[in-house]
Amino acid sequence: MKYSLEVSNLTKAYPGSDFRLDNVSFAVPQGSIMGFVGENGSGKTTTISCILNTLKPDSGVIKIFGEEMTEERTDIRDHIGVVFDAINFPEALTANKLASVFKDIYRHWDGGLFQHLLQRLQVPADTRIKDLSRGMTMKLATAVALSHGAKLLLLDEATSGLDPVVREEMLDLFLEFVEDEEHSILISSHITSDLEKIADYITFIHNGRIILTEDKDTLLYQYGIARCTADQFQSLDKSEYLSSRKRGFQVDVLISDKESFSRQHRDITVDNTTIDEIMLLLVKGDQ
Amino acid sequence: MRGLVRNNFYSMSSNIYLSFIIAAVLALVSVIFREALLTSMILAVQIFIFVVHTGASLRIDETSKWSKFELTLPIRRHTIVSAKYASFALLILMGILSSLLTLAACYVTGLSLDPSIVIFSYGFGLTLAITSAALMYPIMLKIGTEKNELIVFFSGFAAIGIMLLLAALLAPFTGGMQFRHPLVSIVSACTSMLLFIISYLVSVRIHRTKEFR
């Protein structure tokens with residue numbers, strides 16, 4: 001399998017802070033969308049910032065399109081589109097002025113495609129960025145990310161704070177982007193319902209550590225939550241579940257193969273799960 | 001680098017327009033008052049005024065996270081710094097051009113200026129503008145842009161301090177400490193240019209290891 005992005009044993013600590021990225025490793029297969037999930041402060045932005053070299057990793061290797069990503073590799077960065085959870089661009093500029101800046105920076109800047117995306121997303125081309133709404137700013141950032149021949153998109157909370165209509169428009173664009181099987185996306189988000197719609201793989205990060213990477217369909221169709229009584233829970237072997245969480249008289253137990261679990265424990269109810277519930281159990285539950 | 005310089009000018013466009021308006025008003029003031037000393041100060045201020053707003057622009061770039069986004073572009077970090085210094089140089093050039101407006105106005109209205117006053121004005125203006133840019137950018141890179149107004153003031157005062165120091169050092173050649181002596185102006189301007197080059201090298205070094213969260 002070819003990978004667009006490979007992160008191996010990435011570590012990063014901040015001076016004066018207890019937080020550190022601890023041997024973070026995962027890979028984004030070419031042609032896929034990887035959802036990057038974790039609570040606030042779990043290390044999503046730090047990981048993406050290290051990948052983009054805006055933060056200097058303490059150790060680890062980052063490979064993009066099979067080649068090590070370093071400060072010198074402007075040729076690699078030419079094929080990366082980025083959207084941060086911020087305004088991203090100088091506020092005094094308009095979309096049209098931004099286009100005239102980027103045509104001198106990106107080797108494959110496609111002005112026609114940019115204008116087409118602005119029209120499609122209904123982003124005003126001559127309004128200053130500081131006068132745009134947050135949704136418009138994020139749509140503009142997405143249009144920029146898609147207009148220079150990027151093969152990999154790194155999206156850090158690109159859909160957070162947006163209304164469902166705008167989010168849906170953005171998700172459609174991301175799905176169209178990966179129709180070309182050379183293209184891939186790493187998207188961090190709190191909104192797991194978005195990831196359920198578009199992601200092929202989900203990576204969970206917690207306290208700077210990767211706690212699970214899995215195919216999304218496996219998570220949704222193979223994983224399950226067993227609703228146990230205290231006695232039923234006591235009878236389970238630790239190897240049968242990934243995590244558990246006591247909720248009143250009930251214990252929710254995350255299991256990785258609900259069919260096989262149900263065969264062995266016919267008296268225990270096993271529900272389908274969501275990415276939100278999996279994250280909650282992995283983060284808040286006892287491993 | 002062209003794209004980054006263009007971006008810097010788009011970002012500062014409203015401040016540049018404002019600076020041009022102030023420079024034009026100052027040129028008018030010099031014509032109305034027809035006072036040599038006032039005109040010499042106006043020339044210096046006109047050269048300096050375009051650089052003054054760069055602190056605020058750097059602050060805006062940081063709050064919008066453009067400074068972080070820039071690093072994701074297919075350019076090297078030293079190119080980002082080079083584009084900033086090229087923009088500073090162009091701003092100073094704009095200041096010089098706007099000061100020529102005052103000189104032209106003086107010429108047209110028949111106000112004669114002593115060449116030594118003109119040399120002092122340009123030397124003082126260039127020292128202020130170049131030293132301010134040279135100090136402001138690396139300091140803001142190092143400590144952040146929150147205190148940008150304070151850093152601009154500090155840079156301006158440091159420029160005057162450098163000129164006073166040079167006036168003291170050159171006193172044996174200028175017949176006593178003379179702030180407005182052409183030799184002091186020329187040496188100050190040359191010193192500030194040297195400082196500008198050193199500042200560029202320091203900024204490249206700071207930027208190389210700087211992290212943008």
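1. A:Glu157 is buried, with a relative accessibility of 5% (buried means under 20% relative accessible area, exposed over 50%, partly exposed in between, with a 1.4 Å probe and protein chains only). A:Glu157 lies in the loop between strand E7 (152-156) and helix H6 (164-177) of chain A; helices (H or I, at least four residues) and strands (E, at least two) are DSSP runs, numbered from the N terminus. Its phi is positive, about 55°, although A:Glu157 is not a glycine.

2. This is a predicted model, in which local features need pLDDT of at least 70 and side-chain atom pairs count only at pLDDT 80 or more, while totals for chains, interfaces and linings use all residues. Residues are numbered from 1 along each chain as its sequence is written, chains are lettered from A in the order in which they are written, and side-chain values use heavy atoms, with hydrogens and water left out.

3. A:Gln122 also carries a positive phi, near 55°, and is not a glycine. Most residues other than glycine have a negative phi. A:Gln122 sits in the loop between helix H4 (111-121) and helix H5 (134-145) of chain A and is exposed, at 60% relative accessible area.

4. At the interface, 27 residues of chain B contact 33 residues of chain A, contact meaning heavy atoms within 4.5 Å.

5. The count of salt bridges between chain B and chain A is 4 (a side-chain nitrogen of Lys or Arg within 4 Å of a carboxyl oxygen of Asp or Glu). One of the pairs joined in this way is A:Glu71 with B:Arg76, at 3.2 Å, N to O.
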